[in-house]
Amino acid sequence: MERPALNVLIVEDDVVDRMACRRTFASSQDAAFTLLEADSGQHGLAVAQQGQLDCILLDYGLPDMSGLEFLSQLPQSGPPVMMLTGADSAMVAAEAMRRGARDYMVKDGEGRYLTQLPAAILRMLREQRLLDGKRRAEAELRKLAAHQESIREDERKRIAQEIHDELGGLLTGIKAYIGVAIERAGGKADPLLSEAAGLAQDAIATVRRVITDLRPSVLDQLGLWAALEWHAEQVAQRSGLRCSCRIEPDAAELELDAGRSTMLFRVVQEGLTNVVRHAHASAVLIDAWRDAAGLRITVADDGIGITEERLRNGASWGIIGMQERVRHFGGELQIVPGEAGGTTLRLQLPLDGLEGTA
Ligand SMILES: Nc1ncnc2c1ncn2[C@@H]1O[C@H](COP(=O)(O)OP(=O)(O)OP(=O)(O)O)[C@@H](O)[C@H]1O
Ligand SMILES: [Mg+2]
(Lines give C-alpha, C1' and ligand atoms only; values in the text may rest on other atoms or scores of the structure.)
(Ligands and ions follow the chains in the order given, each with its own letter.)
Protein backbone atom coordinates (compact mmCIF):
# COMPACT_ATOMS: atom_id res chain seq x y z
CA MET A 1 0.00 0.00 0.00
CA GLU A 2 1.25 3.45 -0.83
CA ARG A 3 2.23 5.57 2.13
CA PRO A 4 0.32 8.86 2.39
CA ALA A 5 2.42 12.01 2.08
CA LEU A 6 1.81 14.27 5.05
CA ASN A 7 2.98 17.78 5.89
CA VAL A 8 3.26 18.14 9.64
CA LEU A 9 4.19 21.28 11.52
CA ILE A 10 5.68 20.92 14.98
CA VAL A 11 5.46 24.00 17.18
CA GLU A 12 7.98 23.29 19.90
CA ASP A 13 10.74 25.39 21.45
CA ASP A 14 12.76 22.42 22.75
CA VAL A 15 15.30 21.62 20.07
CA VAL A 16 15.89 18.10 21.42
CA ASP A 17 12.19 17.27 21.19
CA ARG A 18 12.06 18.58 17.64
CA MET A 19 15.07 16.52 16.66
CA ALA A 20 13.56 13.38 18.18
CA CYS A 21 10.38 13.98 16.23
CA ARG A 22 12.34 14.51 13.02
CA ARG A 23 14.13 11.20 13.56
CA THR A 24 10.87 9.34 14.26
CA PHE A 25 9.22 10.65 11.12
CA ALA A 26 12.26 9.94 8.94
CA SER A 27 12.14 6.27 9.85
CA SER A 28 8.35 5.90 9.87
CA GLN A 29 6.78 3.26 7.62
CA ASP A 30 3.26 4.64 8.20
CA ALA A 31 3.54 7.76 6.08
CA ALA A 32 5.95 9.90 4.13
CA PHE A 33 6.21 12.76 6.59
CA THR A 34 7.52 16.18 5.75
CA LEU A 35 8.24 17.97 8.99
CA LEU A 36 8.11 21.75 9.26
CA GLU A 37 9.41 23.24 12.47
CA ALA A 38 8.57 26.37 14.45
CA ASP A 39 10.22 27.33 17.74
CA SER A 40 7.60 29.84 18.89
CA GLY A 41 3.85 30.42 18.74
CA GLN A 42 4.11 33.38 16.39
CA HIS A 43 6.42 31.48 14.09
CA GLY A 44 4.01 28.52 14.14
CA LEU A 45 0.99 30.70 13.33
CA ALA A 46 2.88 32.27 10.43
CA VAL A 47 3.75 28.84 8.98
CA ALA A 48 0.16 27.62 9.51
CA GLN A 49 -1.13 30.64 7.60
CA GLN A 50 0.83 29.64 4.50
CA GLY A 51 -1.43 26.58 4.28
CA GLN A 52 -0.62 23.15 2.88
CA LEU A 53 -0.43 21.55 6.34
CA ASP A 54 -2.11 18.25 7.15
CA CYS A 55 -1.76 18.68 10.89
CA ILE A 56 0.00 20.52 13.69
CA LEU A 57 1.80 19.08 16.71
CA LEU A 58 1.61 21.67 19.43
CA ASP A 59 3.71 21.89 22.56
CA TYR A 60 1.93 23.40 25.54
CA GLY A 61 4.61 25.68 26.96
CA LEU A 62 5.85 27.99 24.20
CA PRO A 63 8.17 30.92 24.88
CA ASP A 64 5.77 33.61 23.61
CA MET A 65 2.35 32.12 24.35
CA SER A 66 0.66 29.06 25.79
CA GLY A 67 -0.64 26.27 23.58
CA LEU A 68 -4.17 27.37 24.51
CA GLU A 69 -3.50 30.90 23.21
CA PHE A 70 -2.07 29.40 20.06
CA LEU A 71 -5.29 27.41 19.56
CA SER A 72 -7.48 30.44 19.99
CA GLN A 73 -5.47 32.37 17.38
CA LEU A 74 -5.55 29.55 14.85
CA PRO A 75 -8.45 29.94 12.36
CA GLN A 76 -11.22 27.36 12.85
CA SER A 77 -10.75 26.09 9.34
CA GLY A 78 -7.07 25.42 10.08
CA PRO A 79 -5.49 21.97 10.11
CA PRO A 80 -6.26 19.59 13.01
CA VAL A 81 -4.04 20.05 16.05
CA MET A 82 -2.57 17.38 18.31
CA MET A 83 -1.51 18.75 21.67
CA LEU A 84 1.70 17.43 23.20
CA THR A 85 1.49 17.78 26.96
CA GLY A 86 3.58 16.92 29.99
CA ALA A 87 2.85 13.76 31.96
CA ASP A 88 0.68 15.39 34.62
CA SER A 89 -1.40 17.67 32.42
CA ALA A 90 -4.72 15.91 31.94
CA MET A 91 -6.50 19.20 32.70
CA VAL A 92 -4.50 21.03 30.08
CA ALA A 93 -5.33 18.35 27.53
CA ALA A 94 -9.04 18.54 28.33
CA GLU A 95 -8.99 22.34 28.03
CA ALA A 96 -7.07 22.12 24.75
CA MET A 97 -9.68 19.73 23.32
CA ARG A 98 -12.41 22.16 24.35
CA ARG A 99 -10.61 24.93 22.51
CA GLY A 100 -10.41 23.03 19.28
CA ALA A 101 -7.48 20.59 19.53
CA ARG A 102 -8.50 17.32 17.87
CA ASP A 103 -6.33 15.01 20.00
CA TYR A 104 -3.48 14.96 22.48
CA MET A 105 -0.49 12.86 23.47
CA VAL A 106 1.31 12.80 26.75
CA LYS A 107 5.09 13.26 26.38
CA ASP A 108 7.04 10.94 28.61
CA GLY A 109 10.66 11.71 29.50
CA GLU A 110 12.05 8.71 27.66
CA GLY A 111 10.40 9.58 24.39
CA ARG A 112 8.27 6.42 24.21
CA TYR A 113 5.33 8.47 22.93
CA LEU A 114 7.29 9.01 19.73
CA THR A 115 6.86 5.39 18.65
CA GLN A 116 3.09 5.85 18.77
CA LEU A 117 3.05 9.31 17.25
CA PRO A 118 2.79 8.40 13.52
CA ALA A 119 -0.12 6.01 14.08
CA ALA A 120 -1.83 8.54 16.35
CA ILE A 121 -1.51 11.21 13.65
CA LEU A 122 -3.03 8.93 11.02
CA ARG A 123 -5.91 8.08 13.35
CA MET A 124 -6.54 11.75 14.05
CA LEU A 125 -6.58 12.54 10.32
CA ARG A 126 -9.02 9.69 9.67
CA GLU A 127 -11.33 11.07 12.34
CA GLN A 128 -10.97 14.55 10.89
CA ARG A 129 -11.98 13.27 7.44
CA LEU A 130 -15.05 11.58 8.91
CA LEU A 131 -15.97 14.74 10.75
CA ASP A 132 -15.50 16.85 7.61
CA GLY A 133 -17.72 14.43 5.70
CA LYS A 134 -20.40 14.62 8.36
CA ARG A 135 -20.28 18.42 8.39
CA ARG A 136 -20.54 18.56 4.62
CA ALA A 137 -23.49 16.17 4.66
CA GLU A 138 -25.21 18.26 7.32
CA ALA A 139 -24.68 21.43 5.33
CA GLU A 140 -26.10 19.73 2.22
CA LEU A 141 -29.14 18.49 4.14
CA ARG A 142 -29.72 21.96 5.45
CA LYS A 143 -29.56 23.40 1.95
CA LEU A 144 -31.98 20.76 0.73
CA ALA A 145 -34.43 21.48 3.55
CA ALA A 146 -34.32 25.20 2.78
CA HIS A 147 -34.86 24.50 -0.89
CA GLN A 148 -37.85 22.28 -0.19
CA GLU A 149 -39.22 24.93 2.11
CA SER A 150 -39.15 27.50 -0.67
CA ILE A 151 -40.74 25.04 -3.10
CA ARG A 152 -43.50 24.40 -0.59
CA GLU A 153 -44.07 28.09 -0.15
CA ASP A 154 -44.31 28.66 -3.92
CA GLU A 155 -46.66 25.72 -4.19
CA ARG A 156 -48.92 27.13 -1.48
CA LYS A 157 -49.01 30.44 -3.30
CA ARG A 158 -49.87 28.76 -6.59
CA ILE A 159 -52.63 26.60 -5.09
CA ALA A 160 -54.09 29.61 -3.27
CA GLN A 161 -54.12 31.53 -6.54
CA GLU A 162 -55.77 28.66 -8.39
CA ILE A 163 -58.47 28.12 -5.78
CA HIS A 164 -59.13 31.84 -5.76
CA ASP A 165 -59.41 32.15 -9.53
CA GLU A 166 -61.22 28.90 -10.34
CA LEU A 167 -63.32 27.87 -7.37
CA GLY A 168 -63.86 31.37 -5.99
CA GLY A 169 -65.08 32.56 -9.37
CA LEU A 170 -67.45 29.63 -9.80
CA LEU A 171 -69.03 30.04 -6.38
CA THR A 172 -69.53 33.75 -6.84
CA GLY A 173 -71.20 32.95 -10.18
CA ILE A 174 -73.50 30.37 -8.61
CA LYS A 175 -74.48 32.74 -5.85
CA ALA A 176 -75.24 35.50 -8.37
CA TYR A 177 -77.44 33.15 -10.48
CA ILE A 178 -79.41 32.08 -7.42
CA GLY A 179 -79.87 35.74 -6.48
CA VAL A 180 -81.22 36.55 -9.92
CA ALA A 181 -83.56 33.52 -9.81
CA ILE A 182 -84.94 34.64 -6.44
CA GLU A 183 -85.45 38.16 -7.73
CA ARG A 184 -87.25 36.96 -10.87
CA ALA A 185 -89.61 34.81 -8.83
CA GLY A 186 -90.76 38.04 -7.17
CA GLY A 187 -91.59 36.77 -3.67
CA LYS A 188 -92.78 33.36 -4.90
CA ALA A 189 -89.35 31.79 -4.92
CA ASP A 190 -88.87 28.29 -3.57
CA PRO A 191 -87.41 28.58 -0.03
CA LEU A 192 -84.81 26.02 -1.16
CA LEU A 193 -83.32 28.76 -3.33
CA SER A 194 -82.61 30.96 -0.29
CA GLU A 195 -81.09 27.93 1.42
CA ALA A 196 -78.86 27.42 -1.61
CA ALA A 197 -77.83 31.09 -1.57
CA GLY A 198 -76.83 30.70 2.10
CA LEU A 199 -74.81 27.57 1.31
CA ALA A 200 -73.05 29.31 -1.57
CA GLN A 201 -72.16 32.17 0.79
CA ASP A 202 -70.74 29.68 3.33
CA ALA A 203 -68.73 28.02 0.59
CA ILE A 204 -67.29 31.39 -0.47
CA ALA A 205 -66.26 32.12 3.12
CA THR A 206 -64.65 28.68 3.42
CA VAL A 207 -62.72 29.16 0.22
CA ARG A 208 -61.49 32.52 1.49
CA ARG A 209 -60.31 30.95 4.72
CA VAL A 210 -58.52 28.11 2.94
CA ILE A 211 -56.78 30.60 0.68
CA THR A 212 -55.56 32.80 3.51
CA ASP A 213 -54.46 29.76 5.51
CA LEU A 214 -52.38 28.66 2.56
CA ARG A 215 -50.77 32.03 2.12
CA PRO A 216 -52.13 35.23 3.61
CA SER A 217 -52.20 37.81 0.84
CA VAL A 218 -51.62 40.52 3.42
CA LEU A 219 -48.06 39.18 3.72
CA ASP A 220 -47.40 39.93 0.07
CA GLN A 221 -49.40 43.13 -0.06
CA LEU A 222 -48.71 44.85 3.25
CA GLY A 223 -45.62 43.07 4.51
CA LEU A 224 -44.62 41.06 7.55
CA TRP A 225 -45.75 43.36 10.35
CA ALA A 226 -49.27 43.88 9.07
CA ALA A 227 -49.47 40.15 8.41
CA LEU A 228 -48.41 39.34 11.98
CA GLU A 229 -51.00 41.73 13.40
CA TRP A 230 -53.64 40.26 11.15
CA HIS A 231 -52.65 36.72 12.11
CA ALA A 232 -52.64 37.54 15.84
CA GLU A 233 -56.20 38.80 15.42
CA GLN A 234 -57.21 35.61 13.62
CA VAL A 235 -55.71 33.47 16.38
CA ALA A 236 -57.50 35.52 19.02
CA GLN A 237 -60.82 35.13 17.20
CA ARG A 238 -60.47 31.42 16.62
CA SER A 239 -59.03 30.38 19.98
CA GLY A 240 -60.26 32.95 22.45
CA LEU A 241 -56.68 33.69 23.46
CA ARG A 242 -55.75 37.32 24.15
CA CYS A 243 -53.17 37.87 21.49
CA SER A 244 -51.38 41.15 20.90
CA CYS A 245 -48.46 42.56 18.93
CA ARG A 246 -45.97 45.22 19.94
CA ILE A 247 -43.87 46.15 16.94
CA GLU A 248 -41.35 48.87 17.83
CA PRO A 249 -40.96 51.58 15.16
CA ASP A 250 -37.30 50.64 14.58
CA ALA A 251 -38.45 47.14 13.60
CA ALA A 252 -41.53 48.29 11.71
CA GLU A 253 -39.43 50.48 9.40
CA LEU A 254 -37.24 47.56 8.34
CA GLU A 255 -37.66 46.55 4.73
CA LEU A 256 -37.33 42.79 4.86
CA ASP A 257 -37.01 40.76 1.69
CA ALA A 258 -39.63 38.17 0.73
CA GLY A 259 -37.56 35.22 1.98
CA ARG A 260 -37.04 36.67 5.44
CA SER A 261 -40.61 37.96 5.72
CA THR A 262 -42.05 34.57 4.88
CA MET A 263 -39.65 32.80 7.25
CA LEU A 264 -40.49 35.12 10.14
CA PHE A 265 -44.21 34.87 9.48
CA ARG A 266 -44.10 31.05 9.37
CA VAL A 267 -42.02 30.86 12.55
CA VAL A 268 -44.34 33.12 14.54
CA GLN A 269 -47.31 31.27 13.08
CA GLU A 270 -45.87 27.93 14.21
CA GLY A 271 -45.05 29.44 17.62
CA LEU A 272 -48.64 30.64 18.04
CA THR A 273 -49.99 27.25 16.93
CA ASN A 274 -47.90 25.68 19.69
CA VAL A 275 -49.27 28.14 22.24
CA VAL A 276 -52.83 27.31 21.23
CA ARG A 277 -52.16 23.56 21.19
CA HIS A 278 -49.93 23.06 24.19
CA ALA A 279 -49.62 26.06 26.50
CA HIS A 280 -53.10 26.33 28.12
CA ALA A 281 -52.40 30.05 28.10
CA SER A 282 -54.84 32.94 28.42
CA ALA A 283 -52.64 35.52 26.73
CA VAL A 284 -49.76 35.72 24.33
CA LEU A 285 -47.66 38.73 23.37
CA ILE A 286 -45.58 39.15 20.23
CA ASP A 287 -42.77 41.69 20.54
CA ALA A 288 -40.47 42.89 17.81
CA TRP A 289 -37.62 45.37 18.12
CA ARG A 290 -34.07 46.01 17.01
CA ASP A 291 -30.83 45.85 18.93
CA ALA A 292 -27.12 45.62 18.19
CA ALA A 293 -27.47 41.96 17.17
CA GLY A 294 -30.18 42.71 14.62
CA LEU A 295 -33.88 42.04 14.69
CA ARG A 296 -35.45 40.41 17.73
CA ILE A 297 -38.87 38.84 18.01
CA THR A 298 -40.33 37.16 21.05
CA VAL A 299 -43.58 35.27 21.45
CA ALA A 300 -44.35 35.03 25.16
CA ASP A 301 -47.30 33.10 26.60
CA ASP A 302 -48.55 32.81 30.17
CA GLY A 303 -49.28 29.10 29.99
CA ILE A 304 -48.04 25.97 31.73
CA GLY A 305 -44.45 26.53 30.69
CA ILE A 306 -41.99 24.23 29.06
CA THR A 307 -39.40 21.82 30.44
CA GLU A 308 -36.13 20.68 28.89
CA GLU A 309 -37.54 17.20 29.08
CA ARG A 310 -40.65 18.03 27.08
CA LEU A 311 -38.49 19.79 24.50
CA ARG A 312 -36.21 16.79 24.16
CA ASN A 313 -38.94 14.19 24.35
CA GLY A 314 -40.35 12.88 21.14
CA ALA A 315 -39.61 14.29 17.77
CA SER A 316 -40.16 18.03 18.16
CA TRP A 317 -40.27 18.60 14.43
CA GLY A 318 -42.19 21.83 14.80
CA ILE A 319 -39.47 23.41 16.91
CA ILE A 320 -36.62 21.84 14.92
CA GLY A 321 -38.21 23.16 11.73
CA MET A 322 -38.46 26.66 13.19
CA GLN A 323 -34.82 26.54 14.28
CA GLU A 324 -33.64 25.38 10.88
CA ARG A 325 -35.60 28.09 9.10
CA VAL A 326 -34.06 30.79 11.27
CA ARG A 327 -30.56 29.31 10.99
CA HIS A 328 -30.80 29.36 7.24
CA PHE A 329 -30.77 33.17 7.46
CA GLY A 330 -27.95 33.18 10.02
CA GLY A 331 -30.27 33.71 12.98
CA GLU A 332 -31.02 31.82 16.13
CA LEU A 333 -34.16 30.62 17.88
CA GLN A 334 -34.61 29.45 21.44
CA ILE A 335 -37.62 28.20 23.35
CA VAL A 336 -37.16 29.07 27.01
CA PRO A 337 -39.19 29.37 30.21
CA GLY A 338 -40.69 32.87 30.35
CA GLU A 339 -39.45 35.35 32.95
CA ALA A 340 -42.88 35.54 34.57
CA GLY A 341 -43.84 31.91 33.89
CA GLY A 342 -45.16 30.45 30.68
CA THR A 343 -43.00 29.89 27.64
CA THR A 344 -41.09 32.36 25.50
CA LEU A 345 -39.90 31.87 21.98
CA ARG A 346 -36.88 34.06 21.30
CA LEU A 347 -35.74 34.79 17.83
CA GLN A 348 -32.74 36.80 16.76
CA LEU A 349 -31.92 37.61 13.16
CA PRO A 350 -28.78 39.44 12.02
CA LEU A 351 -29.46 42.25 9.61
CA ASP A 352 -26.20 42.36 7.67
CA GLY A 353 -26.84 43.89 4.33
CA LEU A 354 -30.30 45.10 5.38
CA GLU A 355 -29.02 48.08 7.33
CA GLY A 356 -29.74 50.62 4.65
CA THR A 357 -33.44 50.44 5.32
CA ALA A 358 -36.20 52.96 4.91
N1 LIG B 1 -45.79 27.38 24.13
C2 LIG B 1 -45.66 26.14 24.65
N3 LIG B 1 -46.07 25.88 25.93
C4 LIG B 1 -45.95 24.65 26.45
N5 LIG B 1 -45.40 23.60 25.80
C6 LIG B 1 -44.98 23.79 24.54
C7 LIG B 1 -45.06 25.07 23.90
N8 LIG B 1 -44.53 24.95 22.66
C9 LIG B 1 -44.14 23.68 22.54
N10 LIG B 1 -44.39 22.96 23.66
C11 LIG B 1 -44.04 21.56 23.90
O12 LIG B 1 -42.96 21.21 23.08
C13 LIG B 1 -43.30 20.09 22.29
C14 LIG B 1 -42.65 20.18 20.95
O15 LIG B 1 -43.25 21.18 20.13
P16 LIG B 1 -43.22 21.02 18.55
O17 LIG B 1 -43.86 22.20 17.93
O18 LIG B 1 -41.84 20.74 18.15
O19 LIG B 1 -44.06 19.70 18.29
P20 LIG B 1 -45.64 19.51 18.30
O21 LIG B 1 -46.31 20.85 18.36
O22 LIG B 1 -45.95 18.54 19.40
O23 LIG B 1 -45.88 18.82 16.92
P24 LIG B 1 -45.78 19.51 15.47
O25 LIG B 1 -44.69 18.76 14.79
O26 LIG B 1 -47.11 19.31 14.85
O27 LIG B 1 -45.44 20.96 15.65
C28 LIG B 1 -44.81 20.08 22.25
O29 LIG B 1 -45.32 18.79 22.05
C30 LIG B 1 -45.18 20.62 23.61
O31 LIG B 1 -45.16 19.60 24.58
MG1 LIG C 1 -45.79 22.41 17.01
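Predicted model: local features only at pLDDT ≥ 70, side-chain atom pairs only at ≥ 80, totals over all residues.
**Entry 1: the chain and its parts**

Residues are numbered from 1 along each chain as its sequence is written, chains are lettered from A and ligands numbered from 1 in the order in which they are written, and side-chain values use heavy atoms, with hydrogens and water left out.

**Entry 2: the surroundings of ligand 1**

I next asked which residues are the closest to ligand 1. Of the 15 residues that surround ligand 1, the closest are Asn274, Arg277, His278, Asp301 and Ile319; a residue is counted here if one of its heavy atoms lies within 4 Å of the ligand. By class I found five nonpolar, six polar and four charged residues in this shell, where Ala, Val, Leu, Ile, Met, Phe, Trp, Tyr, Cys and Pro count as nonpolar, Asp, Glu, Lys and Arg as charged, and the others, Gly among them, as polar.

I then looked at which helices supply the shell, and found that α10 (258-279) and α12 (317-328) each give at least two residues, while the largest share, six residues, comes from α10. Helices are DSSP runs of H or I with at least four residues, strands are runs of E with at least two, and both are numbered from the N terminus.

Taken alone, ligand 1 exposes 600 Å², and the protein buries 80% of that; accessible areas come from the Shrake-Rupley method with a 1.4 Å probe, and for residues only the protein chains shown count as cover.

I returned to Asn274, whose place is in helix α10. Asn274 is buried, with a relative accessible area of 18%, since buried means under 20% relative accessible area, exposed over 50%, and partly exposed in between, with a 1.4 Å probe and protein chains only. Asn274 and Ile319 are 45 residues apart in sequence, yet 9.2 Å apart in space, C-alpha to C-alpha.

**Entry 3: a residue with positive phi**

I looked up His280, which lies in the loop between α10 and β7 (283-291), and found that it has a positive phi of about 50° although it is not a glycine. Most residues other than glycine have a negative phi. His280 is exposed, with a relative accessible area of 66%.

**Entry 4: an aromatic pair and a polar contact**

How many aromatic pairs does the structure hold? I found one aromatic pair, formed by Phe25 and Phe33, which are stacked at 4.0 Å centre to centre with 15° between the planes. Rings of Phe, Tyr and Trp (its six-membered ring) pair if their centres lie within 6.5 Å, and planes under 30 degrees apart count as stacked, over 60 as edge-to-face and the rest as tilted. Phe25 counts as buried at 4% relative accessibility, and Phe33 is buried too, with a relative accessible area of 14%.

Glu149, in helix α5 (residues 113-185), is buried with a relative accessible area of 17%. I found that the side chain of Glu149 makes a polar contact with the side chain of Arg325 at 2.5 Å; such a contact is a pair of N or O atoms within 3.5 Å, where within protein one must be able to donate a hydrogen and the other to accept it, and residues adjacent in sequence count only if both atoms are side-chain atoms.

**Entry 5: separations in sequence and in space**

Ile204 lies in helix α6 (residues 191-214) and is buried, with a relative accessible area of 12%. I noted that Ile204 and Leu170 are 34 residues apart in sequence and 9.5 Å apart in space, C-alpha to C-alpha.

Ser217 lies in helix α7 (residues 217-222) and is partly exposed, at 36% relative accessible area. Ser217 and Ala38 are 179 residues apart in sequence and 63 Å apart in space, C-alpha to C-alpha.
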